[in-house]
Amino acid sequence: MRNVALVTGSSRGIGFEVARQLAVRDCSVIVTSRSKDTATAAAEKIGSAAVGHELDTSDEGSIMTFANWLIREIGRLDILVNNAAILFDENESILGTSAETFETTMRTNALGPLLMTQAVLPLLRSSKAARVVNVSSGAGQISSMTSYAPSYSISKTTLNAITVMLASALPFARVNSADPGWVRTDMGGQNAPRSVEEGADTIIWLATLPDNGPSGGFFHDRKRMAW
Ligand SMILES: NC(=O)c1ccc[n+]([C@@H]2O[C@H](COP(=O)([O-])OP(=O)(O)OC[C@H]3O[C@@H](n4cnc5c(N)ncnc54)[C@H](OP(=O)(O)O)[C@@H]3O)[C@@H](O)[C@H]2O)c1
């Protein structure tokens, strides 16, 4: 039986590349976007191993509707890649961050992955090899933190804390954070040095870890990073 993988925010960028590569590795892949049509179009580009579905990770109702569909219609999940995220405050100072930007960013980038994981837990518990990859960022690393993108960076630090707690709560699974590096996407811009293939590499590695692989870590280029 094929493994089933869900990649949130996989209509483009790193998420699309992760979904494409998981399909090549013989997974059935669920591709998501906030727009149903966009998700369907992205899944069609990947081929018959992919199916598209609408999902807004900033909206608890959308997460629950999606999870109910997944449980009812697919009935299986082995790999969850919490990839969807927004970057709204690249040029803002922590002193000027608005409540709206902070709340929307935390809701999408940190709370969304937590609620998503909770919602699909019955399926992950039934998997023989459950893997959760939270797509984080070097910007969330406290030990090298600068003044860059305050809401975004803090959301990724929070996501890393969620990774540690989930790894402890789900000993049957491998739960890790990945930093893809600076990648040429809509979010990263065209001056970024890395391709989407390079950005996806550590995420794919963590999504396909063996049973004795690490859990509760933060990885860049397959190497463990300090928090
Ligand atoms: N690019 C970089 O240099 C870089 C560096 C470090 C970390 N990262 C991380 O890598 C991941 C992917 O980034 P990327 O560069 O590929 O970004 P991107 O090109 O901007 O793509 C973001 C994806 O997330 C989806 N998305 C955004 N808000 C969403 C929401 N509320 N609900 C569901 N889906 C949502 C988008 O789909 P729709 O718009 O179709 O809904 C899109 O598929 C993110 O977690 C990002 O923080 C990226």
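Predicted model: local features only at pLDDT ≥ 70, side-chain atom pairs only at ≥ 80, totals over all residues.
View 1. Residues are numbered from 1 along each chain as its sequence is written, and side-chain values use heavy atoms, without hydrogens and water. The rings of Phe66 and Trp69 form a tilted aromatic pair, 5.6 Å centre to centre with 45 degrees between the planes. Rings of Phe, Tyr and Trp (its six-membered ring) pair if their centres lie within 6.5 Å; planes under 30 degrees apart are stacked, over 60 edge-to-face and the rest tilted.

**View 2. The rings of Phe218 and Trp227.** With centres 5.8 Å apart and planes at 15 degrees, Phe218 and Trp227 are stacked. Phe218 is buried at 0% relative accessibility, while Trp227 is partly exposed at 39%.

**View 3. The two sides of helix H2 (residues 36–46).** Helices (H or I, at least four residues) and strands (E, at least two) are DSSP runs, numbered from the N terminus. Ala39, Ala42, Ala43 and Ile46 are the buried residues of H2. Seen down the axis, these residues fall within an arc of 100 degrees and so line one face of the helix; the arc is that of the directions from the helix axis to the C-beta atoms. Asp37, Glu44 and Lys45 are exposed on the other side.

Note on methods. Buried < 20%, exposed > 50% of the residue type's maximum accessible area, 1.4 Å probe, protein only.
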